[in-house]
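Below are my notes, in numbered points, to read alongside the coordinates.

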Amino acid sequence: MTDHGIDKAKNINSLNPQFVEALQKAWCIETCWGPISAQYPKDGSNPAFGNCLVSTLAAWADGGFEDDIIPCLFLEPGMTQDGWHFQLETENGTVDPTFQQFNDGVVLQQLPPGHPLHNKVVWGSFFDPAEEASLRQRLALLLDRMSAAGYDIDFTADRIVDHAKEHFAYAAPAPAQTPRPAGP
């Protein structure tokens with residue numbers, strides 16, 4: 001059986017301990033990514049499940065947007081296709097506040113800019129209209145729950161997502177080109 005305790009998160013000690021404590025209290029099925037929320041463990045055994053992007057964005061904002069958000073792919077034993085995941089790259093190494101959500105034997109691959117799937121993961125997470133709306137709602141709820149647990153981040157969910165979209169502007173789809181009318 002896999003242990004999903006916070007001690008399995010990567011470099012979690014590099015984050016503010018009060019942030020980590022509030023983050024753990026904030027995770028819930030409503031902050032989990034929608035398409036996998038039906039798999040969220042209702043028994044509390046894996047509270048970080050599906051919360052990687054909102055958690056990474058909260059940590060990124062708490063650090064003053066100084067770190068890099070790293071899109072990743074993951075494959076757990078028994079999976080037939082990769083899933084998406086997010087981490088932070090800091091001056092102290094990779095921070096992954098939700099790595100403990102994975103089962104033993106997970107294979108994780110960071111997607112640097114230029115990797116063929118990097119822009120797809122970024123676009124699908126920040127620029128797809130339905131995903132962006134969901135992200136804003138889930139992040140706002142996470143921040144509200146963190147505040148109720150005694151930890152406030154100086155930015156709203158909308159400001160964090162807007163900043164992420166600016167950070168990843170290169171992955172945004174190009175505006176549709178309007179055909180020019182034929183000349184006389």
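This is a predicted model: local features need pLDDT of at least 70, side-chain atom pairs count only at pLDDT 80 or more; totals for chains, interfaces and linings use all residues.

1. Glutamate 21 and lysine 25 form a salt bridge, with 3.2 Å between the closest N and O atoms. Both residues belong to helix 1, 4 residues apart, which is about one turn of the helix.

2. How many salt bridges does the structure hold? The count is 6. One of them joins the side chains of arginine 136 and aspartate 158, at 3.1 Å from N to O. Arginine 136 is in helix 4 and aspartate 158 in helix 5, so this pair ties together parts that are 22 residues apart in sequence.

3. Glu132, Arg136, Asp158, Asp162 and Lys165 are linked in a network of salt bridges. Another salt bridge worth a look is that of glutamate 166 with arginine 159, where the closest N and O atoms are 3.7 Å apart. Here glutamate 166 counts as exposed, at 51% relative accessibility, and the cut-off for that class is over 50%. Arginine 159 is partly exposed, at 33%.

4. Which residues of helix 5 are buried? In this helix, which spans residues 157–167, they are Ala157, Ile160, Val161, His163 and Ala164. They take up an arc of only 160 degrees around the axis, and therefore lie on the same side of helix 5. Helix 2 (52–62), helix 3 (118–127) and helix 4 (129–148) are among the elements that cover these buried residues.

5. Now to the strands. Strand 2 (residues 83–90) has 6 of its 8 residues buried, so it is largely enclosed by the rest of the structure. Its pairing with strand 1 (residues 68–75) is antiparallel and runs over 7 bridges. In this pairing you can find proline 71 opposite phenylalanine 86 of strand 2. Strand 2 also pairs with strand 3 (residues 93–95), again in the antiparallel sense, over 3 bridges. Glutamate 89 stands opposite threonine 94 of strand 3, and a hairpin of 2 residues joins strand 2 to strand 3.

6. For the aromatic side chains, a search of the whole structure returns 9 pairs. In one of these, the rings of tyrosine 40 and phenylalanine 49 have centres 6.4 Å apart and planes at 65 degrees, so the pair is edge-to-face. Tyrosine 40 and phenylalanine 49 are both buried.

7. Tryptophan 60 and phenylalanine 65 give another case: their ring centres are 4.7 Å apart and their planes stand at 80 degrees, so this pair is edge-to-face too. Both tryptophan 60 and phenylalanine 65 are buried. Ring pairs also link Phe86, Phe126, Phe168 and Tyr170 into a cluster; Phe86 is the residue that proline 71 stands opposite.

8. The charged end of lysine 10 sits over the ring of phenylalanine 99, at 4.5 Å from the ring centre.

9. Finally, where does cysteine 32 lie? It is in the loop between helix 1 (17–26) and helix 2. Cysteine 32 is buried, with a relative accessible area of 2%. Leaving aside residues up to four places away in sequence, cysteine 32 touches Ser37, Tyr40, Phe49, Gly50, Asn51 and Arg138. Tyr40 and Phe49 are the two partners of the edge-to-face pair in point 6. The C-alpha atoms of cysteine 32 and leucine 141 are separated by 10 Å, although the two residues are 109 residues apart along the chain.

Key: Residues are numbered from 1 along each chain as its sequence is written. Side-chain values use heavy atoms; hydrogens and water are left out. Buried means under 20% relative accessible area, exposed over 50%, partly exposed in between (1.4 Å probe, protein chains only). The arc is that of the directions from the helix axis to the C-beta atoms. Contact means heavy atoms within 4.5 Å. Rings of Phe, Tyr and Trp (its six-membered ring) pair if their centres lie within 6.5 Å; planes under 30 degrees apart count as stacked, over 60 as edge-to-face and the rest as tilted. A charge sits over a ring if NZ of Lys or CZ of Arg is within 6 Å of the ring centre and within 35 degrees of the ring normal. Two strands pair if DSSP finds at least two bridges between them. A salt bridge is a side-chain nitrogen of Lys or Arg within 4 Å of a carboxyl oxygen of Asp or Glu.
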